[in-house]
Amino acid sequence: MTKIHGTVVRSTGSHYEVRTDDGQLLPCRVKGNFRLRGIRSTNPVAVGDGVTVVPSAADAAFIVEIDERRNYIIRKASNLSKQSHILAANVDRALLLVTVARPETSTTFIDRFLASAEAYRVPVLLGFNKADDLSPDEQARAAELQALYTGIGYECFSLSARLGTGIEALRTCLQSGITLLAGHSGVGKSTLLNLLVPGAHARTAEISAVHGTGMHTTTFSELYTMPDGGSLIDIPGIKGFGTFDMDEGEVSHYFREIFHTAADCRFSNCTHTREPGCAVLEAVEQGRIALSRYASYLSMLEDKDEGKYRAAF
């Protein structure tokens, strides 16, 4: 039986495209029993996975093995709370594209994404898009958020994908390795992708005037090679970000400023919710830890309720 190794570069959820190590593109499917190996995921194979495939006499080859992943970004599946959805595997960083308006990206969504990336050791860049389309109050809010996340240690970019503003500085940071491009629908991911990968021809759409939210234009995940080096994995817009399989006692480890401050708590097992001598609560009261970050931390502690997803995040 001939076995071929490659990397998954496109996924529709049921069909895959694999770029073999010698550069061929093979349409593939997952072998039927693959989903019976205890993988609690709606998509056991993700873009970025290294895989072994076996050619078939039919139209598509079969994926029969997945290489061990060095990392991945995962969230709770929105329709199956006890399962996960892997956004991408084996990435060098993630670029979370956000907007302060039209649509608004909540700090809770940002923080949940950042915490999940921290859990799997994926560095994150934050791109604040649509800088050309903000009122004075919205500009102030964008500056406030960028100052917040820069202070925590996340690199932030002020962007206008529509006008090309800030793109060159961002491009420089993406010229090596694989970057996951993520964000809500409507934040400008497709417009940015078309700038960074001119041959991508990603479809763009207008924002819903009724709800102020984006409409899905990307319906599958795909890896693109950028002309000046590096690769981008574009995925469909994420509406909500439920955390998956995260132990309650570990949540604080994934909030950098909470983790560092917790070293001064009176109790080593402090949950930072009501304990006396809690350095984190003191820092929140004094404004050294942002109230929005602490609120996100508390919301993630509640995720142990398997039935909870809260898509508004």
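## Cysteines

Is Cys 156 buried or exposed? In this predicted model, Cys 156 has a relative accessibility of 17% and therefore counts as buried, since the cut-off for a buried residue is under 20%. Cys 265, with a relative accessibility of 10%, also counts as buried.

A disulfide is a covalent bond between the sulfur atoms of two cysteines. The count of disulfides in this model is zero. For Cys 265, the nearest cysteine sulfur belongs to Cys 278 and is 4.0 Å away, whereas a disulfide requires sulfur atoms within 2.5 Å.

## Overall architecture

The protein contains seven helices and 13 strands. Of its 313 residues, 52% are buried.

Among contacts between residues at least 6 apart in sequence, 65% join residues at least 24 apart.

## Aromatic pairs

The whole structure holds three aromatic pairs. In one of them, the ring centres of Tyr 72 and Tyr 120 are 4.6 Å apart and the planes meet at 35°, so the pair is tilted. Tyr 72 belongs to strand β6, while Tyr 120 lies in the loop between α1 and β9, 48 residues apart. Tyr 72 is partly exposed, at 22% relative accessibility.

Phe 255 and Tyr 297 form an edge-to-face pair, with 5.9 Å between centres and 80° between planes. Phe 255 is in the loop between β13 and α5, and Tyr 297 is in helix α7. Both residues are buried, and together with Tyr 294 they form one aromatic cluster.

## Arginines over rings

Arg 10 lies over the face of Phe 220, 3.8 Å from the ring centre. Arg 256 lies over the face of Tyr 154, at 4.0 Å from the ring centre.

How values were computed: Residues are numbered from 1 along each chain as its sequence is written. This is a predicted model: local features need pLDDT of at least 70, side-chain atom pairs count only at pLDDT 80 or more; totals for chains, interfaces and linings use all residues. Side-chain values use heavy atoms; hydrogens and water are left out. Buried means under 20% relative accessible area, exposed over 50%, partly exposed in between (1.4 Å probe, protein chains only). Helices (H or I, at least four residues) and strands (E, at least two) are DSSP runs, numbered from the N terminus. Contact means heavy atoms within 4.5 Å. Rings of Phe, Tyr and Trp (its six-membered ring) pair if their centres lie within 6.5 Å; planes under 30 degrees apart count as stacked, over 60 as edge-to-face and the rest as tilted. A charge sits over a ring if NZ of Lys or CZ of Arg is within 6 Å of the ring centre and within 35 degrees of the ring normal.
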